[in-house]
Each structure stands twice: as C-alpha cells, then as structure tokens.
Amino acid sequence: RRLSVASGPLAGKSVLITSGPTHEPIDPVRYIANRSSGKQGHAIAAAAARAGARVTLVSGPVTIPDPAGVRVLRVETAREMLQAVEAALPADVAIMAAAVADWRVASGSGQKIKKDGSGKPPALSLAENPDILATVGTLAEGRPCLVVGFAAETQNLIDNARAKLQRKGADFIVANDVSPETGVMGGDANTVRLVSRDGVEDWPTLSKEDVAERLVAVIAAKLADSGE
Ligand code: CTP
Ligand code: CA
C-alpha cells in the first residue's frame, strides 16, 4: 500500500494513538463523557505521520478533522476503544492521549428514561471502565517499546503523574494541569511536564502542535537511544 519509503526520524516505526473523549451511553439520547476536544492527540498523530511513522489513531467522538496521512478508527465507548487498540497492536510506540470516561452505566437503558412525575431523579449505577493505558503498558507479550500516557490533574500534578507512570507501566507521562483557569481543556495551548523514571522535564507553554512535535522528537531520540 505504501508506494514510497517514508523518511524522517520515525521512518519504519508504527505508532498507535488514542485521542478524544469516550461516550458512555445512559440511554439512547444521553451519555457520560469527559471534556476533550481531541486536539492534543490528533496533533500528535499528525506529527508522528510527518516524522515518517505508520500511524493508527483510535479516536472517540470529536468534531475536528482527521489528521493527514493517518489511519483513523472511530469508536464511541471505552470498551470499544480498548478493542480497537488491541486489534491494532503490535506497535512500536503507543501514546494514550484519550480522555477515557472512567465509568460507564452498569446497565444502560434501551429506551429513553422518562421523568416519572415524582420529582425524584433516577439513580444510575456505574461500573469502572477498563484502563487502556495500563492494559498496553503491562502487556506480558507484545508490549510496545515505548508507552506514553497523559495525566490530567487539577492538583498534586507530579505526585499523581509519578503514581500513574508506575501503576500503568508507562515510560513517559505527559502531565498537565487541567484546572479550568488554565484553559487547556478545549484550548489551543498546553503547559506540560514530562515525567519519566529519569525525572521531570518542565516544558514552556506551547501550542498543542508544538507539544506534539516535541513529544515526537523525544520519542524518536529515545528509540534511537535504545537501539530500536
Ligand atoms: N486512561 C486509559 N483508560 C482509562 C483511563 C485512563 O487509557 N480507562 C489513560 C488516559 O488516556 C491517560 C492516562 O490513562 O493516558 C491517565 O488518565 P487519567 O484520567 O489522568 O488517569 P486515571 O487513571 O483515570 O485516574 P484519575 O482519573 O482517577 O485521576
Ligand atoms: Ca480518569
């Protein structure tokens, strides 16, 4: 299918990326979701493709266009996202940038839930979704050489990011403060700190495109370093 041999720092590498939110249905007209535009994950997919990688992007529901030169798989729920990721493996690099809903409704309703006139809201019982990053990061067989996650936090950024690095078996965590006043959610800029076992690197406030470029450069250097 690829007629020309790609060039660039990620030539010959396959990169699997998740992006966007997931939607967890409550009933046919309502859902639970995270705030996520998909801008950061999509920008990473575009940057990896420009760097010569074969890129698969598993995207939740977003309104932004597909990045150029990328295979895009669209999903709705966290469980569909996990399935698509597992089907897309193996990959040299996995970057899990999606804002996955932590919970789904345990038993979604096939019919629209109606107000019953009592003034009492219905009780939703929730079930925890699978952790896609942790699943990929701790694969016994076929784990990507590099696994990158994000940590969206509103407090204790670095402690929480370090804990996620450990718990999910990631090589890097891109930690960002998503407090409402930062404007990161839905905005075009991002201030991130890159957490690895080697320490923490503070990056300046950059456009999401520039964060993507820089992350791709770090990944290419790390792969080259480890002789991959
Ligand atoms: N993630 C995932 N699957 C989930 C939840 C999170 O793949 N079910 C990934 C995200 O894509 C991100 C990283 O895990 O790369 C961290 O997501 P975050 O929501 O910050 O972490 P959680 O483990 O869900 O912890 P919490 O929301 O309680 O802070
Ligand atoms: Ca979460």
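A residue is called buried when its relative accessible area is under 20%, exposed when that value is over 50%, and partly exposed in between, with a 1.4 Å probe and protein chains only. This is a predicted model, in which local features need pLDDT of at least 70 and side-chain atom pairs count only at pLDDT 80 or more, while totals for chains, interfaces and linings use all residues. Residues are numbered from 1 along each chain as its sequence is written, chains are lettered from A and ligands numbered from 1 in the order in which they are written, and side-chain values use heavy atoms, with hydrogens and water left out.

**Surface patch**

Trp103 has a relative accessible area of 46% and is therefore partly exposed; its place in the chain is strand 7, residues 103-105. Strands (E, at least two residues) and helices (H or I, at least four) are DSSP runs numbered from the N terminus. Together with Leu124 and Leu126, Trp103 forms a nonpolar surface patch that has about 300 Å² of accessible area. Such patches are made of residues with over 30% relative accessible area and no salt bridge, where nonpolar side chains (Val, Leu, Ile, Met, Phe, Trp, Tyr) are joined within 5 Å and like charges within 9 Å.

**Overall fold**

The protein has five helices and 14 strands. Its radius of gyration is 18 Å, close to the 17 Å that the globule rule gives for 228 residues, so the protein is as compact as a globular protein of that length; the radius is taken over C-alpha atoms, and the rule is 2.2 Å times the number of residues to the power 0.38. Along the principal axes, the C-alpha atoms fill a box of roughly 65 × 45 × 35 Å. Of the 228 residues, 47% are buried, and the accessible surface comes to about 12,000 Å², of which 49% belongs to carbon and sulfur atoms. These areas come from the Shrake-Rupley method with a 1.4 Å probe, and for residues only the protein chains shown count as cover.

**Calcium site**

Asp102, in the loop between strand 6 (93-96) and strand 7, coordinates the calcium ion (ligand 2) through OD atoms at 2.5 Å. Donors are N, O and S atoms within 2.8 Å of the metal, or 3.2 Å for Na, K and Ca, and because water is not among the atoms, sites may look incomplete.

**Salt bridges**

The structure holds nine salt bridges, each defined as a side-chain nitrogen of Lys or Arg within 4 Å of a carboxyl oxygen of Asp or Glu. Three of these pairs are listed here.

| Pair | N to O distance |
|---|---|
| Glu153 and Lys164 | 2.5 Å |
| Asp171 and Arg197 | 3.2 Å |
| Arg193 and Asp202 | 2.5 Å |

In the pair of Glu153 and Lys164, distant parts of the chain are linked, with Glu153 in strand 9 (residues 146-153) and Lys164 in helix 4 (residues 157-168), 11 residues apart. Glu153 is buried because its relative accessible area is 10%, and Lys164, at 18%, also counts as buried.

Asp171 and Arg197, which meet in a salt bridge, are 26 residues apart, Asp171 lying in the loop between helix 4 and strand 10 (172-177) and Arg197 in the loop between strand 12 (192-196) and strand 13 (199-202). Asp171 is buried at 14% relative accessibility, whereas Arg197 is exposed at 54%. Both residues also belong, with Arg143, to a network of salt bridges.

In the pair of Arg193 and Asp202, Arg193 counts as partly exposed at 30%, and Asp202 is partly exposed at 49%.
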